[in-house]
Amino acid sequence: MARQKYTREEALAFHLEPTPGKWEVQATVPMTTQRDLSLAYSPGVAVPCEEIAQNPELAYDYTNKGNLVAVISNGTAVLGLGNLGALGSKPVMEGKSVLFKRFADVNSIDIELDTEDPDAFCNAVKLMGPTFGGINLEDIKAPECFIIEQRLKEEMDIPVFHDDQHGTAVICAAGLINALHISGKKIEDVKIVLNGAGAAGIACIELLKSMGARHENCIVCDTKGVIYQGRTEGMNQWKSAHAIATELRSLEDAMKGADVFLGVSVKGAVTPEMVESMGDNPVIFAMANPDPEITPEEAHEVRVDAIVATGRSDYPNQVNNVLGFPYLFRGALDINARAINDEMKIACAEALAALAREDVPDEVAMAYGKNLTFGRDYIIPTPFDPRLIYRIPPAVAKAGMDTGAARRPIVDMDAYEISLKTRLDPTASILRGISARARAAQARMIFAEGDDPRVLRAAVTYQRSGFGTALVVGREADVKAKLEAAGLGDAVREIEVVNAANTSHLETYKDFLYQRNQRSGMDRQDVHRLAARDRHVFAALMLAHGHGDGLVTGATRKSAHVMERINTVFNAQAKDGAAGITALIHKGRIVLIGDTLVHEWPSEEDLADIAERAAGIARHLGLEPRVAFVSFSTFGYPVSERAEKMHVAPRVLDRRNVDFEYEGEMTVDVALNPKTQTNYPFQRLTGPANILVVPARHSASISTKLMQEMAGATVIGPILAGVDKSIQICSSASTANDILNMAVLAACKVG
């Protein structure tokens, strides 16, 4: 997986738009009527307050405490950037909160404490304890992090977990279990060398010792060399606990004959000569970020038998904390744990290791961009694996119950696993799959409107994200100026700028356009004007002649105008079977709506065509199509001439013998709500519809824009289906990210 490039301006824009920051708070109860407000606040709120005051454990029932984690830092050790202070760490802590929600559906709030005094820090966190079900400490420098975590563990009755220490340790342990499995060695026998005696390093070696590694077989090094018994320089109580009796004094000496190297230090700390001196089948976890102690290429050049892991996503075997902390807390919260103990961490590591040894689902391989099979280059699961959410938390929860850490043990573990599966957001895996297919396709994407900064940003991101080549239609000087204004001046050398003045194909394009349109009132002068001066037509001609693989346009003009121009080159009208389908993504659901682009007032035959086009798109997205023909009536009542065609359209599909579910006509609530569907036991849908075919384009447009503005749904489309080439038309309100999404769909030939 290639490392993606981005500029400072892109990173800042990501955190600025659409609103500053990365998360917001939403109510989970109705807050509309006076009665709602009376129940949510005064006087109704008094009832649960009284109950909790009498029995504090009820806070887990009547508040969000049981699914709420605080991500807390003072910013003294931010992501390898050093001491940026409390406020400087806030973007990182917000990001951690988002990861908790994204991977394990754990609610989280970031808290930045403006103090470097461990006593003040501990007092502040302890006082906030009643609010949270767990505390995730982050980016606190050593040795204060040891003091803070230990004290808070002793004084609080909820899990306190310093992820920089234990998150790294857990994933490292998972990888080591499998590396030793492959090399045929046992943890109690191997010689382990650790370089880096900070928070993460100490946590790694302590966890491995609790798993069976022998103290005398573990050599810890820091910037001053081996930590040996009797050493006084640069020592503290945490380092002293791992001092051993040895004559070895340098990392180079320690590496001779070693079975395992763990690096949590700096780039280049390990030389090829050191690797060469290690024992058979050496295990090298070079986890320094952003650059490892030694690269896999350098290690394998001298030892082809080495098993190598790093902290980077562009190498195999990434030691990534996101594999651990969300699921550790998920399991701990679900048993209302008092702590996250060593047994729970070991259970997490063992479950991760076991998962990596199993067959890898196709969607994981697709998201990762290659087939994954347990072995030297795959000893740790990837963050894309959908099984993590229902495999890791149960193991953690069981260990917590077995060790007495649980306030509320889980009675039915099978039911618990099923409940965890429902926490998965299916849209995430679908969108990842589309991105993976786009990367595999490596499409040459034509961006027709190179005079628009949004389009240029999308084009640059498309290419830098590894999706393929961006071909921008525009004038070179104008494109360069706009890229520089957007802070992307260096991208001028990366993308290809195309226009009528710098192509050798213009006469071919004009001849083609004249042949298509000479009987539609178009003369040679009209053709020249369109081919040479209209970017939509020029871009479409490029696509028609194979000078690009996909086309994205429409960000600067109304869709009707763009469709008119596209139809001078392609057959993309209603009579040609084309249709526009819009995808709505909201709260983990995807619903397709059609037609939002082509058919103004479709007939029953047209509606059936739209349903078939939408079903094809659904399958491209990994959905099994369930079509509902929706109206204001349900199965003939109330009777209306306006609803008649929606009643007839399913019969058209009956005659066509299509291979997907469909039903209608019906109201939207019947289509989408399985409880309402039970009122009509004869209806044929086996679950909520994921495709809504609506009576007319105006109702489709109203529906999608209403969902976007009122419900905050993400809108992708309209996706143009039924055209020979891959063309996607954006709306004029599209952001750069919306345009990028359409380019990715075009690359996958969705439609």
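Select D164 and H162: their side chains are joined by a polar contact of 3.0 Å. A polar contact is a pair of N or O atoms within 3.5 Å; within protein, one must be able to donate a hydrogen and the other to accept it, and residues adjacent in sequence count only if both atoms are side-chain atoms. This is a predicted model, in which local features need pLDDT of at least 70 and side-chain atom pairs count only at pLDDT 80 or more, while totals for chains, interfaces and linings use all residues. Residues are numbered from 1 along each chain as its sequence is written, and side-chain values use heavy atoms, with hydrogens and water left out.

Stay on D164, which lies in helix α9 (residues 163–183). Helices (H or I, at least four residues) and strands (E, at least two) are DSSP runs, numbered from the N terminus. D164 has a relative accessible area of 22%, so it is partly exposed. Buried means under 20% relative accessible area, exposed over 50%, and partly exposed in between (1.4 Å probe, protein chains only). Not counting residues up to four places away in sequence, D164 touches L137, E138, D139, I140 and A200; contact means heavy atoms within 4.5 Å.

Next, select D139, in the loop between β3 (134–137) and α8 (144–155). D139 counts as buried because its relative accessibility is 3%. Residues up to four places away in sequence aside, the residues it touches include S73, N74, G75, H162 and D164.

Move to K510, in helix α23 (residues 506–517). Is K510 buried or exposed? At 13% relative accessibility, K510 counts as buried. Its contacts, leaving aside neighbours within four places in sequence, are R524, V527, H528 and A531.

Finally, show α23 together with helix α25 (residues 535–544): their axes come within 10 Å and cross at roughly 95°. Axes are lines fitted to C-alpha atoms, for helices over the stretch in contact, and angles run from 0 to 180 degrees between N-to-C directions. The two helices, α23 and α25, are therefore roughly perpendicular to each other (angles under 35 degrees count as roughly parallel, over 145 as roughly antiparallel, 65 to 115 as roughly perpendicular and the rest as oblique). To see the contact, select Y509, F512 and L513 of α23 with V537, F538, L541, M542 and A544 of α25.
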